[in-house]
Amino acid sequence: MAVRDSELQCLQPGDQIVIISASEIKALGFPDFVGWCNDMYNYNSHTLTVKRVEKRADLDGEAETHVYVEENGWWWKATFISAVITNEEYEPIPFESLDSLLFGGA
């Protein structure tokens, strides 16, 4: 299942995207003979590294987020991305707080 366009807008260089599977591509109805689609099959279910994120107009003039990746030099849009992996840093939760959260009501 593809991510939403809004999920791509927060990506930063170094974050990663996961390309949808081959079965999902077929479910979208893209024929195998389309050139770029055939090349895209080489990246199904692969994790690729974000280099740039840009908002671009699609064929209907609607703004759409596109993600440029290092591995193949392509721009990907939400329709073909199944997940995003960010490099955000999180504060570790102290054990006491975790223990209290898990067992506080028991």
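Tutor: Contact means that heavy atoms lie within 4.5 Å, and with that rule in hand we can read Leu-8, which touches Val-3, Val-53, Thr-65, Val-67, Lys-77, Ala-78, Ile-81 and Val-84, leaving aside residues up to four places away in sequence. The model is predicted, so local features need pLDDT of at least 70 and side-chain atom pairs pLDDT 80 or more, while totals for chains, interfaces and linings use all residues. Residues are numbered from 1 along each chain as its sequence is written, and side-chain values use heavy atoms, without hydrogens and water.

Student: How many helices and strands does the chain have?

Tutor: Helices (H or I, at least four residues) and strands (E, at least two) are DSSP runs numbered from the N terminus. The chain has 4 helices and 5 strands, and their order from the N terminus on is α-β-α-α-β-β-β-β-α. Of the contacts in the chain with a separation of 6 or more, 61% are between residues 24 or more positions apart.

Student: Which residues touch the most other members of the largest nonpolar core?

Tutor: Nonpolar side chains tend to be buried together in soluble globular proteins. Buried means under 20% relative accessible area, exposed over 50%, and partly exposed in between (1.4 Å probe, protein chains only); a nonpolar core joins buried Ala, Val, Leu, Ile, Met, Phe, Trp, Tyr and Cys residues through side-chain atoms within 4.5 Å. Here the largest core has 17 residues, and those touching the most other members are Leu-8, Ile-17, Val-67, Trp-76 and Ile-81. Two or more residues of this core come from each of strand E1 (16-19), strand E2 (47-57) and strand E3 (63-69). Of the 106 residues of the chain, 25% count as buried.

Student: How many aromatic pairs does a search of the whole structure find?

Tutor: Rings of Phe, Tyr and Trp (its six-membered ring) pair if their centres lie within 6.5 Å, and planes under 30 degrees apart are stacked, over 60 edge-to-face, the rest tilted. The search of the whole structure finds 3 such pairs. In one of them, the planes of Tyr-68 and Trp-75 stand at 55° with the ring centres 5.1 Å apart, so this pair is tilted. Trp-74 and Trp-76 form a tilted pair too, with 5.4 Å from centre to centre and 40° between the planes. Ring pairs also link Tyr-43, Trp-74 and Trp-76 into a cluster.

Student: Is Trp-76 buried or exposed?

Tutor: Trp-76 is buried, because its relative accessible area is 1%, whereas its partner Trp-74 is partly exposed at 26%. In the other pair, Tyr-68 is partly exposed at 23% relative accessibility, and Trp-75 is partly exposed at 26%.

Student: Which charged end sits over the ring of Trp-75?

Tutor: A charge sits over a ring if NZ of Lys or CZ of Arg is within 6 Å of the ring centre and within 35 degrees of the ring normal. The charged end of Arg-56 sits over the ring of Trp-75, 4.0 Å from its centre, and Arg-52 lies over the face of Tyr-68, at 5.4 Å from the ring centre.

Student: Where does Asn-44 lie?

Tutor: Asn-44 lies in the loop between helix H3 (35-40) and E2, and at 11% relative accessibility this residue counts as buried. The side chain of Asn-44 reaches the backbone oxygen of Ile-20 at 3.1 Å. Beyond residues up to four places away in sequence, Asn-44 touches Ile-19, Ile-20, Ser-21, Ala-22 and Ile-25. Ser-45 is found in the loop between H3 and E2 as well; Ser-45 is partly exposed at 49% relative accessibility, and its phi is near 65°, a positive value in a residue other than glycine.

Key:
Polar contact = N/O pair within 3.5 Å; in protein donor to acceptor, adjacent residues only side chain to side chain.
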